[in-house]
Amino acid sequence: MTPAQAHPTPGAAGWSDGAFTNPVLAGLHPDPSVCRVGDDYYLACSSFEYFPGVPIFHSRDLVHWEQIGNVLDRPGQLVLPATMPSSAGIYAPTLRHHAGRFWLVVTNCAEGGGNLICTATDPAGDWSDPVRLPGVAGIDPDLAWDDDGTCWCTYAGIEQVRIDPHTGRTLGPPRRLWSGAPGAQAPEAPHLYRIGGYWYLLIAEGGTERGHAVSIARSTAPDGPYEPCPANPVLTHRGTNRPIQNTGHADLVEAADGTWWMVLLGVRPGGGTPGWHVLGRETFLAPVTWVDDWPVVGAVEPVMPAPSWPARPVPPPPVRDDFDADGLHPRWVSVRSRPAGSWSLTEQPGWLTLRARGASLDEPDVTFVGRRQQHLSCRVRTLVDATGGRGGLAVRLDERHHYGIEAGDGGVRLLARIGSVLSTVATRPVAPGPVRLRVDVVSPSPGDWHPAKEPDVLRFGIEAADGAYDVLGELDGRYLSTEVAGGFTGRVVGMYAGAGSVRFDWFDYVPGDAGDADGPPPAGAGPAR
């Protein structure tokens with residue numbers, strides 16, 4: 001079965017007014033790598049401390065993407081120890097299709113991890129157990145094949161070595177290729193391509209913050225010497241007031257119609273100064289043209305002219321998960337691991353049961369099942385039965401930056417962890433039995449700006465069966481941002497257990513419009529079992 005046959009395209013629809021919106025993958029989807037097989041496109045992203053690792057997406061138009069799996073979805077493939085800090089783990093995959101197989105090379109920054117190669121005939125899985133690359137010392141590895149079958153592995157630095165991708169053995173010493181602009185920090189994220197009569201070496205430089213940039217060089221041989229593009233950097237938003245910042249870590253792909261495109265990461269800062277991005281680094285799309293055998297990258301804007309081919313939308317993720325399936329959808333992630341004994345969909349059919357390991361969200365082994373926050377405003381709810389323990393609904397950035405509303409011991413509590421301070425913001429007594437917990441994330445309206453304005457407000461509370469909302473408190477969103485917490489990730493919202501066994505009947509996530517001062521639009525509460 002070919003990849004196209006394995007993932008048929010839903011009915012196509014037109015673009016909205018001849019344009020598409022960026023990002024094309026919102027929320028924590030950084031370091032995108034893309035490849036095309038026929039009319040199908042596949043994309044992989046970094047996943048850091050979350051398990052399963054390396055989400056894989058499929059598209060027929062480069063704009064509409066559907067998650068079809070994760071590369072590292074078995075404990076034997078991915079070990080992320082509790083001693084590993086958040087924002088470590090899985091960095092910067094490169095996804096390629098060669099000789100009838102998909103190849104993915106990636107760095108595991110956990111102790112004892114290193115660089116890994118996995119392969120598959122169908123990117124939806126199953127992927128092979130990792131082949132280790134002990135002779136490749138840097139992060140952000142890339143794979144490219146010469147006409148004679150030689151496999152080149154290029155990595156941050158920027159260095160390159162020949163390898164046997166089947167065994168992971170290096171075939172000679174590494175050598176330095178080209179490190180971008182003189183004095184530029186963090187030359188990384190290399191991708192090597194054979195295009196026309198040249199080999200092109202695309203890299204990121206300037207660091208992954210506001211100075212991020214993309215530069216390129218070319219050579220007549222894969223191992224150089226490389227000539228820098230006179231127009232470098234070919235992409236950067238540093239020093240501008242554009243709404244998309246930190247643009248970099250890019251990959252090129254030729255579309256089926258012969259046009260060229262670039263996927264890249266960027267952020268959408270909000271609030272006052274210096275601006276706080278809360279969703280993490282997201283995946284954006286930009287057009288590429290060629291002038292004098294050099295790529296010229298078009299603007300990266302929130303609204304972009306549509307490609308020349310018809311739109312091919314994919315089904316949107318369901319608003320609600322009733323936990324009636326045999327397993328969890330690949331969009332659900334956990335922190336570092338998801339041991340079989342920590343969760344169940346069969347202990348009480350139709351409910352997700354979580355059994356506590358770590359005592360709270362402060363612990364590296366907390367039992368947590370969540371999904372990436374993908375909208376600047378949204379509403380998230382769950383129906384939780386904490387009769388046998390303590391747990392609830394959380395918005396997580398890392399162990400030291402998270403908000404949660406939890407049920408247990410006859411009450412509901414709103415908790416806020418900001419750095420070294422843990423506060424109980426509010427409490428409410430509740431009757432025994434299931435309780436609906438809710439959080440609204442509300443981004444400010446454009447006219448509500450001032451220099452210290454927060455990027456958003458998170459409103460936590462208890463929802464009655466008739467939709468009445470008892471708000472326990474509102475919390476400033478800047479403290480769940482990368483600019484405050486540091487690191488490389490973004491918010492993940494989900495369910496957790498802090499003690500005993502906690503059961504969740506359903507979970508829903510409703511996008512809201514940015515700037516809606518009343519929060520996301522109301523929706524029916526749905527039936528309670």
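This is a short chat about how to read some features of a predicted model.

Visitor: Before we start, what should I know about the numbers?

Guide: Residues are numbered from 1 along each chain as its sequence is written. As the model is predicted, local features need pLDDT of at least 70 and side-chain atom pairs count only at pLDDT 80 or more, while totals for chains, interfaces and linings use all residues; side-chain values use heavy atoms, with hydrogens and water left out.

Visitor: Is Asp31 buried or exposed?

Guide: Buried means under 20% relative accessible area, exposed means over 50%, and partly exposed is in between (1.4 Å probe, protein chains only). Asp31 has 5% relative accessibility, so it counts as buried. Glu188 counts as buried too, because its value is 16%.

Visitor: Which elements hold these two residues?

Guide: Strands are DSSP runs (E, at least two residues), numbered from the N terminus. Asp31 sits in the loop between strand 1 (19-21) and strand 2 (33-37), whereas Glu188 is in strand 16 (residues 188-195).

Visitor: What is Asp31 in contact with?

Guide: Contact means heavy atoms within 4.5 Å. Leaving aside neighbours within four places in sequence, the contacts of Asp31 include His249, Leu265 and Arg281. On the same terms, Glu188 has contacts including Asp140, Ile158 and His212.

Visitor: How do I read strand pairing?

Guide: Strands of a sheet pair through backbone hydrogen bonds, either parallel or antiparallel. Two strands count as paired if DSSP finds at least two bridges between them. One example is an open sheet of four strands in the order 7-8-9-10, with antiparallel pairing. Its edge strands, strand 7 (90-98) and strand 10 (131-132), each pair on one side only. Strand 8 (residues 101-108) and strand 9 (residues 114-120) are joined by seven bridges, and Val106 has Leu116 as its bridge partner in strand 9.

Visitor: How many residues of strand 39 are buried?

Guide: Strand 39 (residues 492-512) is mostly covered, with 16 of its 21 residues buried. Nine bridges link it in the antiparallel sense to strand 31 (residues 377-385), where Cys378 has Pro511 as its partner in strand 39. Strand 32 (residues 389-398) also runs antiparallel to strand 39, over eight bridges.
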